[in-house]
Amino acid sequence: MKKKLMITITLAAFAITLPVMAGCSRKKDEGPGSGTEAALIEEEAGGTVTEDGLGHIGNGEDITLKILSPEEDRALIKKMADSFADKYKEDVNIKIELQACPKKDIKKKILSNVELAADLYTFSGSELLPLAEAGALQEVSLNTDKMIEENGGSDSGAVKAGSYDGRLYAYPKAVEDGLLLYYNEKYFEPEDADSLEDMMKIASKKGKKVAMDFTSGLYTWSFFGGAGFELILNSDRSNACNMNRTAASSAKGTDVLQAMIDICKNDGFASMTDKEIIKGMQDETVIAAIEKISNVNSIKQALEGNYAAAKLPTYNLNGVTMQMSSFTGYQYIGINPYSENVGWAMRYAEWLTNEKNQLERYEAREEMPTNIAAAESDLIQEDMTAASFVTQQNFALINGIQSENFWKPMSELGWLCIAGNQTGEDLQAVLDKAAEQITKPVS
């Protein structure tokens, strides 16, 4: 019998709550990947234990580990596999094989037959709950405290989003995506980027625009999340939402919606799609925009030598300055509990996600690190985009949305704002309707 636990994840002043399903723990004779770390060592290493908890086999045994990951990871995985094999060459002959699979199909492939799946797999944080519920993830039982500490501690987003039943079930690999403010530094000083109102004022005077996509909740929840409103992911994948009420910060949902309407009415602002923003940056009709980190290269090309980036700005909420929040997600490496080499798979996952290799991944793919030492390194801090993204993580909410019920009502709210609420809709009634739709049961 499973019970429902609720873990509140708080980053800075914002929170999103994720459900966790608690199952019965396995004993050694109850299934794969079961038992204590000592049992794994006994099975895999003949009982000789090193200081890091991994047994030394010492007889040159051949071990093959298969990792399920996208094809574009092949070069990095090979490089990191070679260094891992070299580190343990005195103990075991390790061969790493990549099973290439498109990112969008990884969860489906794992769940099609968990017992025959790869030893390790990369996946998005939004997929952890279904994988854990299906018994497709081995609890991290090797150097667990070290892994948690290196990724920001037990209250960090990367650790919380990688946990199940209050225990870590995946190795944080990278921050998946998020939002940043990008701007043309020919028109702004760095301090101007602190305030959305200041930027719109400058843009209006120049006949230019500050832009973001008001038709997507990915962007517009930044106003509600920044004001302290909550989204809760329930165990049935539905959402709970209090945007039509008063937040713990004393902000009223109607005031947030009115602030959004006022922003859309500002002569220095325009709601635009990604493509429209890029085009506008190229011809300088758009001189600042809130956009996804995944679009950074296109934005750099559009702004050329005038490129600049910063955390999201503040906005004026009924006379109170509010910091805009953003959704964030994480990438993980999970261990198959049916693997014949669970201990070595855990050690390899730890290797793939350590500080050095997270920085290696950033240099090669611009994937942002979860490892705190990596995030604080000169390599990250000296890069304007990366440093800004790390700062924005202090105001980020874990994207636990798994229901389509969220996106349509948020889009409708955005269109109402873009139109300036010309029909004079009662804002409380509008939010009540949106909240009702967002919280509908998942069919």
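I take a nonpolar core to be a set of buried Ala, Val, Leu, Ile, Met, Phe, Trp, Tyr and Cys residues joined through side-chain atoms within 4.5 Å, where buried means under 20% relative accessible area with a 1.4 Å probe, protein chains only.

**Ground rules.** This is a predicted model, so I note that local features need pLDDT of at least 70 and side-chain atom pairs count only at pLDDT 80 or more, while totals for chains, interfaces and linings use all residues. Residues are numbered from 1 along each chain as its sequence is written, and side-chain values use heavy atoms, with hydrogens and water left out.

**Cores.** I looked up the largest nonpolar core: it has 56 residues, and Trp221, Phe223, Met243 and Tyr315 touch the most other members. Helix H9 (residues 253–265) gives this core its largest share, 7 residues; helices here are DSSP runs (H or I, at least four residues), numbered from the N terminus. I also found a second, separate core of 47 residues, with Ile110, Ala132, Tyr182 and Met368 among its members.

**Rings.** I get 18 aromatic pairs in the structure. For a pair, ring centres of Phe, Tyr and Trp (its six-membered ring) lie within 6.5 Å; planes under 30 degrees apart count as stacked, over 60 as edge-to-face and the rest as tilted. Why is the pair of tryptophan 221 and phenylalanine 224 stacked? Their ring centres are 5.4 Å apart and their planes are at 25°, so the pair is stacked. Both residues lie in helix H8 (residues 217–226), about one turn apart. Tryptophan 221 is buried at 2% relative accessible area, and phenylalanine 224 is buried at 0%. I then checked tyrosine 183 and phenylalanine 188: they are edge-to-face, 6.0 Å centre to centre with 90° between the planes, and both are buried.

Technical notes. Buried < 20%, exposed > 50% of the residue type's maximum accessible area, 1.4 Å probe, protein only. Helix = DSSP H or I, 4+ residues; strand = E, 2+ residues; numbered from the N terminus.
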